[in-house]
Amino acid sequence: MPPAEAIIERIRKIALALPDAYEKLSHGEPTFFNKAGVFVMIDNHHHGSEHLSVWCNAPPGAQESLVEADPNHFFVPPYVGKSGWLGIHLDTGLPWPVIADLITQSYATTAARKKSRRRR
């Protein structure tokens, strides 16, 4: 397993390759935003967490189905899990193309939620 900083750098490259994405520290962890808000948060064993992970904004139903199907790789994160966010363990061997797809989906989900708020 690569060191945490190498994994975080890989997440950074994926997230920042998306249009208008930018990074800020939030709660002491790298967090990625687009114009609509947060779309990915890194959890580098924050508050004693067992795994290095990312928390992603997920479309409706995705969190429940992925956690149920594969709890080794996916979990309901604290704080934002009740809003449907998905936790992804980065140290359990989930393939990087899957992680990248979920981050891209999170970016789109965040952008879509802002658009739907504007229509109300």
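These legends accompany views of a predicted model.

**Figure 1. Overall fold of the protein.** The secondary structure consists of 3 helices and 6 strands. Along the sequence these elements are arranged as α-β-β-β-β-α-β-β-α. The radius of gyration is 14 Å, close to the 14 Å that the globule rule gives for 120 residues, so the protein is as compact as a globular protein of that length. Its C-alpha atoms fill a box of roughly 45 × 30 × 25 Å along the principal axes. Of the contacts with a separation of 6 or more, 48% join residues 24 or more positions apart.

**Figure 2. The largest nonpolar core.** This core has 27 residues, and those touching the most other members are Ile11, Phe39, Val40, Val54, Ile88 and Ile103. Two or more core residues come from each of helix 1 (4–16), strand 3 (37–44), strand 4 (52–56), helix 2 (62–69), strand 6 (86–89) and helix 3 (96–119).

**Figure 3. Surroundings of Ile103.** Apart from neighbours within four places in sequence, Ile103 is in contact with Ile11, Ile14, Ala15, Leu18, Phe39, Val40 and Cys56.

Figure 4. Buried residues account for 44% of the 120 residues in the protein. The accessible surface is about 6700 Å², and carbon and sulfur atoms provide 56% of this surface.

Terms used: Residues numbered from 1 in each chain as written. Predicted model: local features only at pLDDT ≥ 70, side-chain atom pairs only at ≥ 80, totals over all residues. Heavy atoms only, no water. Core = buried A, V, L, I, M, F, W, Y, C linked by side-chain atoms within 4.5 Å. Buried < 20%, exposed > 50% of the residue type's maximum accessible area, 1.4 Å probe, protein only. Helix = DSSP H or I, 4+ residues; strand = E, 2+ residues; numbered from the N terminus. Contact = heavy atoms within 4.5 Å. Rg over C-alpha atoms; globule rule 2.2 N^0.38 Å. Areas by Shrake-Rupley, 256 points an atom, 1.4 Å probe, with all protein chains shown as cover.
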